[in-house]
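Here are my notes for a colleague who is opening this structure for the first time. Please keep the view beside you and read the points in order.

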Amino acid sequence: SQDPDALEVHMILGNLYREKGQVGKAITIHQMLLQRARLSRMEHAYVLLCLGLDYKRGGFVDRALDAFNEVLRLDSQNEYALVNLQK
């Protein structure tokens, strides 16, 4: 809360929520991060990857597929997105 621009901290927090089963909170955090105007292409891809993992964990398969495909559009060599699409 002291540094709202701390992308990494917010990413970790969202990932921890997902791992603890609080998928709704994780999705909210990652969606809020996507609203930032100054994300680099790779940061945007990483946030989308985390959002895809949130959707997958929550059972939203179609949304997860869309997110992973968008990651590959931004970073065609992203192994994590490819592996999750394969699963």
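1. Let's start with α3 and α4, which are roughly antiparallel to each other (angles under 35 degrees count as roughly parallel, over 145 as roughly antiparallel, 65 to 115 as roughly perpendicular and the rest as oblique). Their axes come within 8 Å and cross at roughly 160 degrees. Axes here are lines fitted to C-alpha atoms, for helices over the stretch in contact, and angles run from 0 to 180 degrees between N-to-C directions. Helices (H or I, at least four residues) and strands (E, at least two) are DSSP runs, numbered from the N terminus.

2. Before going on, please note that this is a predicted model, in which local features need pLDDT of at least 70, side-chain atom pairs count only at pLDDT 80 or more, and totals for chains, interfaces and linings use all residues. Residues are numbered from 1 along each chain as its sequence is written, and side-chain values use heavy atoms, with hydrogens and water left out.

3. Back to the pair: the crossing of α3 with α4 is left-handed (the near helix is turned anticlockwise from the far one by less than a right angle; clockwise would be right-handed). From α3, the residues R41, H44, A45, L48, L49, G52, L53, Y55 and K56 meet R63, A64, A67, F68, E70, V71, R73 and L74 of α4, where contact means heavy atoms within 4.5 Å. Sorted by class, this contact has ten nonpolar, two polar and five charged residues. Ala, Val, Leu, Ile, Met, Phe, Trp, Tyr, Cys and Pro count as nonpolar, Asp, Glu, Lys and Arg as charged, and the others, Gly among them, as polar.

4. Is G52 buried or exposed? G52 is buried, with a relative accessible area of 0%; buried means under 20% relative accessible area, exposed over 50%, partly exposed in between (1.4 Å probe, protein chains only). Not counting residues up to four places away in sequence, G52 touches A64, A67 and F68.

5. Next, α2 and α3 pack with their axes 9 Å apart, at an angle of about 160 degrees. That makes α2 roughly antiparallel to α3, and their crossing is left-handed. On the α2 side the contact includes V23, A26 and I27, while H44, V47 and L48 are among the residues on the α3 side. The residues of this contact divide into ten nonpolar, four polar and two charged.

6. The pairing of α1 with α3 is set at an angle of about 15 degrees, with axes 10 Å apart, which makes α1 roughly parallel to α3. This crossing, too, is left-handed. L7, M11, N15, R18 and E19 of α1 make the contact with E43, Y46, V47, C50, L53, D54 and R57 of α3. These residues divide into six nonpolar, one polar and five charged.

7. Do have a look at N15, which sits in α1. N15 is buried, at 13% relative accessible area. Leaving aside neighbours within four places in sequence, N15 is in contact with H30, Y46 and C50. T28, in α2, counts as partly exposed at 41% relative accessibility. The C-alpha atoms of T28 and G14 are separated by 8.2 Å, though these residues are 14 residues apart along the chain.

8. Which residues touch the most other members of the largest nonpolar core? They are L7, M11, L33, V47, V71 and A81, within a core of 21 residues. A nonpolar core is a set of buried Ala, Val, Leu, Ile, Met, Phe, Trp, Tyr and Cys residues joined through side-chain atoms within 4.5 Å. The elements giving two or more residues to this core are α1 (7-19), α2 (23-34), α3 (41-58) and α4 (61-74), and α3 supplies the largest share, seven residues. As background, nonpolar side chains tend to be buried together in soluble globular proteins.

9. Finally, V71 is in contact with A45, L48, L49, N78 and A81, leaving aside its neighbours within four places in sequence.
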